[in-house]
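Please read it alongside the sequence and the coordinates.

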Amino acid sequence: MLLQKWCLKDLKYFLLTCKDTFSISKIHALVITSGFFFTNRTSAALLITHYARTGDIDSARKLFDTLPLRGINSWNALLIGYSRGNNPLEVINGYKKMILESAKPDSSTFTVAIKACTSLLDLKSGEEIWGNVVECGYRDDIFVGSSVLNLFTKCGKMDEAISVFEMMSKRDVVSWSTMIAGLVKDERPKEAIALYRRMRKEGFEGDKVVMLALIQACFNIEDLKMACSLHGYITRRCFYIDVVVQTSLIDMYAKNGKLDIASALFRTMRCKNVVSWSTLISGYAKNGYASNALELLIEMQGYSFEPDLVSLISAILACSQIGSTILGREIHGYIVRRFDLNQILVTSLIDMYAKCGSLLRAHLLFERMSDGDLIHWNTIIASYGAHGKGKEALSIFRKMIETNTKPDHVTFASLFSALSHSGLVEEGRFWYNAMIKDYKIEPMEKHYVSLVDLLARGGRVEEALSLIESMKCEPGVAVWVALLSGCINHKKFLIGEVVAKKVLELKPDNNPGVYTLVSNFFAAAGKWDDVALVRKMMKSEGMKKIPGYSVVEVNGKSHAFLVEDKFHTQYEEILRVLEVIEFEMRDICYLAKITLF
């Protein structure tokens, strides 16, 4: 009797002190010999729980299977043990067996079972369990409700999640944060921000999950004002700003184009990790700051951080922007020595070599590394097109068809662009019809842009206009701009005037290049009042066309040249060389159309 009283008082305490299965088995034996095991069902549940806690789920299951009567505590102990052991399938199977044995589940049962469905993204089983929840009267349970919200948001069923959320009589921070994060993931950032404001009105403070979701929402909607406000709020409320939050803020500012703020924030970080470095490197590269990206990559290694795939892909992008084949090859070698080339790396390298002018290297890499992947085919076709080699791009496209690789909308967009740059009108019309009839791909705006450009370049401006008029979707600025370029080249001023006014009606977003094209058209057509009007519009919006420039890499150093640029340190030497080249060209009866300044 004394032993039995000791067990009633201290069983849970002694089980908590056990660090391994052997210690638990001793107490298990003591509980049986005392007779306590047979008089109190709670002891079985406690033993199952602690066997599972030490990682011995097999012993927990054996004990469970020997029980003549299994109460809800024993079922929950086993299901929670499987859940903590990262075995969601066993949780779901156990739950189904429990229902077959007519055991009545409770809040803990439903919560752990729905969590298992979420881990497996098993929406069907989750919806069945949710039906049981409603039948058993647990719909208003806050833990069960939060679990099913997590299930629906992770499975992309946001409308169902919203319906459940609105029916909840009680909500906690977890349910609010689950919904906000789910809306952001479902690309509904404005709704996420609105829900957060509602959350604040109801007296709840956001946690780390909410803050991270809102940071992502800010760069999704490109709302810099909101981003700065959120950053200030996080700082004022003294949230614990760890490396994850800081890195997310850096990413937010970088994606909003504020690299100065992103860089300043990065420099204030006391603790940086590889992701922090990679995020800023990526931000620099994607915003066109190639030199900064490459310098930061070198600095990163100076602090003993090994570049990851994200930073290396960003560095490859940076090399393609400045046209540095030498740096690109060095990074390629670094990658080969440390990583297995995957689809993204191969695609990035092919694109980099092509943009650096080394089309042969791009093609060799494609031939050596491509395993018939569609993205690789698309990249090499686009690469040839960018170099004005439409016939070669078409040849590669035909080879792709021969390998039974099915083209997608990106393939045809790349092909049409290549054909456009080479003036292959008939081929473009043929494959446009084939895309619709044979491959059942409905044309998108990007296809129309290339087709209109192709026809307009070839002088078929009227046909290009008819194509635009036949579009099922509303033509955007890019389509009309492609047609306007053809109108200028072929002096189609009547059509061009209508097109130019259409472009202005669509109000291109602060794109000085488009406004300059419209101005040039009006100048070519002798419409000087319209030229003045367009230039006035540009001036009032503070727009100024950035001049194009060429980059030449010599001995690993890049040299940029603008039109009428006289500031290069070797300007005089370059002029002398050009004069020599001009005389030599004249000698072989080729007159170079070049003006020396």
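In this predicted model, helix H14 comprises 13 residues, 208-220, and spans 18 Å from its first C-alpha to its last, which is close to the 18 Å expected at 1.5 Å a residue. A search of the whole structure finds 23 salt bridges, some of which are described below.

**Helix H14**
- The buried residues of H14 are Val210, Met211, Ala213, Leu214, Ile215, Ala217, Cys218 and Phe219, and they pack against helices H12 (173-185), H13 (189-201), H15 (224-236) and H16 (243-255).

**A salt-bridge network**
- Asp159, Asp186, Arg188 and Glu191 are linked in a network of salt bridges, and within it the closest N and O atoms of Glu191 and Arg188 are 3.0 Å apart.
- Arg188 counts as buried because its relative accessibility is 18%, whereas Glu191, at 38%, counts as partly exposed.

**Salt bridges between distant parts of the chain**
- Glu463 and Arg429 meet in a salt bridge at 3.2 Å, N to O, and this pair links helix H29 (residues 461-469), which holds Glu463, to helix H27 (residues 425-437), which holds Arg429, across 34 residues.
- Glu442 and Lys472 form a salt bridge with their closest N and O atoms 3.4 Å apart; Glu442 lies in the loop between H27 and H28 and Lys472 in the loop between H29 and H30, so the pair ties together parts that are 30 residues apart in sequence.
- Glu442 is partly exposed at 46% relative accessibility, whereas Lys472 is exposed at 75%.

How values were computed:
Residues numbered from 1 in each chain as written. Predicted model: local features only at pLDDT ≥ 70, side-chain atom pairs only at ≥ 80, totals over all residues. Heavy atoms only, no water. Helix = DSSP H or I, 4+ residues; strand = E, 2+ residues; numbered from the N terminus. Expected span 1.5 Å × (residues − 1). Buried < 20%, exposed > 50% of the residue type's maximum accessible area, 1.4 Å probe, protein only. Contact = heavy atoms within 4.5 Å. Salt bridge = Lys/Arg side-chain N within 4 Å of Asp/Glu carboxyl O.
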